[in-house]
Amino acid sequence: MSDLKNLAETLVNLTVKDVNELAAILKDEYGIEPAAAAVVVAAGGAGEAAEEKTEFDVILKSAGASKLAVVKLVKDLTGAGLKEAKDIVDGAPAPLKQGVSKDEAEALKKQLEEAGAEVELK
């Protein structure tokens with residue numbers, strides 16, 4: 001039982017970078033999809049509240065009234081194809097970029113909001 005407690009404590013104290021590496025290992029070596037690691041990210045975020053956040057996720061909440069403009073912008077910003085960009089916009093809320101700097105995240109948010117989208121930074 002103490003081993004499980006130690007494992008739980010280790011997981012809760014992982015940084016975002018560590019969680020991303022863990023997700024890659026789980027997927028590549030064990031065939032476990034990274035979506036399962038989202039629980040770890042949510043739990044890990046609580047331990048980092050005292051530290052200043054340096055990596056942000058840009059989340060598209062909705063396309064707003066100008067869906068076509070937002071799809072084109074998402075295509076340009078992510079480097080995705082037109083169909084993939086449309087799928088991202090249609091699947092909102094959806095992450096556009098993860099683990100980006102504060103300045104880059106705010107620049108992306110500004111561009112998307114100017115195009116009519118609703119964006120959230122996490």
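Is Glu118 buried, partly exposed or exposed, and what is its relative accessible area? In this predicted model, local features need a pLDDT of at least 70 and side-chain atom pairs count only at pLDDT 80 or more, whereas totals for chains, interfaces and linings use all residues. Residues are numbered from 1 along each chain as its sequence is written, and side-chain values use heavy atoms, with hydrogens and water left out. Glu118 is partly exposed, its relative accessible area being 40%; the term covers residues between buried (under 20% relative accessible area) and exposed (over 50%), computed with a 1.4 Å probe and protein chains only.

The protein contains 6 helices and 3 strands. Helices (H or I, at least four residues) and strands (E, at least two) are DSSP runs, numbered from the N terminus. Along the sequence, the order of these elements is α-α-α-β-α-α-β-α-β. Of the 122 residues, 23% count as buried. A contact is defined by heavy atoms within 4.5 Å; among contacts with a separation of 6 or more, 67% are between residues 24 or more positions apart. The protein exposes about 8,100 Å², of which carbon and sulfur atoms supply 55%. Accessible areas come from the Shrake-Rupley method with a 1.4 Å probe, and for residues only the protein chains shown count as cover.

Helix H4 spans residues 67-78. Its 12 residues reach 16 Å from the first C-alpha to the last, close to the 16 Å expected at 1.5 Å a residue, where the expected span is 1.5 Å times one less than the number of residues. The buried residues of H4 are Val70, Val71, Leu73, Val74 and Leu77. These residues lie on the same side of H4 because they cover an arc of only 165° around the axis; the arc is that of the directions from the helix axis to the C-beta atoms. Leu68 and Asp76 are exposed on the other side of H4. The cover over the buried residues of H4 includes strand S1 (56-62), helix H5 (82-90), strand S2 (94-100) and helix H6 (102-114). After H4 comes Gly79, with a positive phi near 80°.

Helix H6 has 13 residues and reaches 18 Å from its first C-alpha to its last, close to the 18 Å expected at 1.5 Å a residue. Ala105, Leu108 and Leu112 are buried in H6. They cover an arc of only 65° around the axis and therefore lie on the same side of H6. On the other side of H6, the exposed residues are Asp103, Lys110 and Glu114. The buried residues of H6 pack against S1, H4, S2 and S3. Gly116 follows H6, and its phi is positive, near 105°.

Side chains of opposite charge can pair when their charged atoms come close. A salt bridge is taken as a side-chain nitrogen of Lys or Arg within 4 Å of a carboxyl oxygen of Asp or Glu, and by this rule the count comes to 6 salt bridges. One of them joins the side chains of Glu118 and Lys61 at 3.6 Å, N to O. This pair links distant parts of the chain, with Glu118 in strand S3 (residues 118-121) and Lys61 in strand S1, 57 residues apart. Lys61 is partly exposed at 36% relative accessibility.

Within helix H5, Asp87 and Lys83 are 4 residues apart and so are separated by about one helical turn. Their side chains meet in a salt bridge of 3.1 Å, N to O. Asp87 is partly exposed, with a relative accessible area of 40%, and Lys83 is exposed at 57% relative accessibility. Lys109 is partly exposed at a relative accessible area of 26%, and Glu113 is partly exposed at 41% relative accessibility. Salt bridges that share partners also join Lys67, Lys86 and Asp90 into one network.

On the surface, Ile25, Tyr30 and Ile32 form a nonpolar patch with about 300 Å² of accessible area together. Patches are made of residues with over 30% relative accessible area and no salt bridge, with like charges joined within 9 Å and nonpolar side chains (Val, Leu, Ile, Met, Phe, Trp, Tyr) within 5 Å. Ile25 belongs to helix H2 (residues 16-30) and counts as partly exposed at 39% relative accessibility.
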